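Welcome! Please take a moment to look over the sequence and the 3D model below before reading on.

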Amino acid sequence: MFSTKLCCIKGFSSSPLLFLKSFKRVLPSLSHSQCTVTNTLEAQCKSKPQKQVCKTVLKHFDAQYSEELGEQWRSARWDVLLNALSWQYGVLLNRFCDLTNLKQCLTELGYTNLLPQTHPESHSQTSPIPPQCFIHRDPVRIPTQNHHPGWLKQYYLLNAASLLPVLSLNVKEGEHVLDLCAAPGGKSLTVLQTATPGLLHCNEVDQHRHDWLLKTLESYVPPTLRHLLSVTHLDGRSIGSMKPGAYDKVLVDAPCSNDRSWLYTPDTHQGEMWLKERTQLPLLQKELLCSALAAVRPGGVVVYSTCTMSQAENQSVVEAVLASYQGVELLELEQHLIDSLSDHFCFAHFHPSVGQLVIPQKGKTWGPMYVSRLRRIY
């Protein structure tokens, strides 16, 4: 069966050509009906040991999100958190590789490009390049590629909704960009798929995640561009005072209470501990956002994002910083982004001028994502 062969592919020796040959072996099976594919996927999911939901965390979410999301919580509860068959990754292609065969294979497997593409000759020197991120209508997952020194990976698997913060940043050629909380590196890579910055400063305070970030960048960025990268292991709250006004754009993909990860906490005690920790996160998030605003130049843009649906970590953080930080204005999410992604995501407007909570439509992506754009005036 198509789905069985696809799920059994594990990494690909040391050669990208071997990967493509393995990938193409699944193509003849595509004549099976969509129903058969879906049924097989469901059977596979049922046959695997399923993670157990922490009832304490789910009860907390039910109380909090019923109030904050209203009717939208009903669908978000199942489609975003509880339905394993809706979990999938976007396939972000690496523009620094030869992608001809890979794109053909993805297309034949039923993947489509999330964002509209334009011809290279239509790009100006300063306009961003639309990243190529392929998604599937079903919860099909292609395997990750193994890290091999000296060879660049052709794609990166990520939550497709996490493209939105980078697209909102709108990085242009030659700009100096700071990714304040960069690990594991997906958003930094996405920046490089949209433009060639003059500097991309990737920072991560956690040592393990910092090492992970280094390996990610080595796996995707060609040696000829690595001089544009600066990778540091600093407390992001201090960078604003260390490098005031040094950047054109700053991304704050803040540490947050990732709803899905926390829901599948191993035991009740751990779930209760995490819920207590959750109350401390907004203070850290505010400090990181203030540091980002100090690090960006006057006229520069800061994008704040999380992957939680919690108001306390989203719009409340932005509102608190705006109340205490002078010389900052809010920017609404650009309408063309909403238009281009509206077939895949639901944009929940708690307060359009404070930020957008993006919730995936059923089976479309691996969300959610909150995004807010701010500009430093002086």
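Predicted model: local features only at pLDDT ≥ 70, side-chain atom pairs only at ≥ 80, totals over all residues.

Residues are numbered from 1 along each chain as its sequence is written, and side-chain values use heavy atoms, with hydrogens and water left out.

## The chain as a whole

The chain has 15 helices and 13 strands. Both are DSSP runs numbered from the N terminus: helices (H or I) have at least four residues and strands (E) at least two.

Of its 378 residues, 52% count as buried, where buried means under 20% relative accessible area with a 1.4 Å probe and protein chains only. The accessible surface comes to about 16800 Å², and carbon and sulfur atoms hold 55% of that; such areas come from the Shrake-Rupley method with a 1.4 Å probe, and for residues only the protein chains shown count as cover.

## Around Arg278

Let's visit Arg278, which is found in helix H12, residues 268-278. Arg278 is buried, with a relative accessible area of 6%. Its side chain makes a polar contact of 3.1 Å with that of Asp259. A polar contact is a pair of N or O atoms within 3.5 Å; within protein, one must be able to donate a hydrogen and the other to accept it, and residues adjacent in sequence count only if both atoms are side-chain atoms.

Leaving aside neighbours within four places in sequence, the residues in contact with Arg278 include His60, Phe61, Tyr65, Trp262 and Glu313.

## Aromatic rings

The structure holds five aromatic pairs. Rings of Phe, Tyr and Trp (its six-membered ring) pair if their centres lie within 6.5 Å; planes under 30 degrees apart count as stacked, over 60 as edge-to-face and the rest as tilted. One of the pairs is Tyr156 with Tyr220, edge-to-face at 5.6 Å centre to centre and 75° between the planes. Tyr156 lies in strand E4 and Tyr220 in helix H9, so this pair ties together parts that are 64 residues apart in sequence. Tyr156 is buried at 14% relative accessible area, and Tyr220 is buried at 7%.

Tyr304 and Tyr370 also form an edge-to-face pair, 6.4 Å centre to centre with 70° between the planes. That pair links strand E9 to strand E13, with the two residues 66 apart, and both Tyr304 and Tyr370 are buried. Finally, ring pairs link Phe61, Tyr65 and Trp73 into a cluster.

How values were computed
Buried < 20%, exposed > 50% of the residue type's maximum accessible area, 1.4 Å probe, protein only. Contact = heavy atoms within 4.5 Å.
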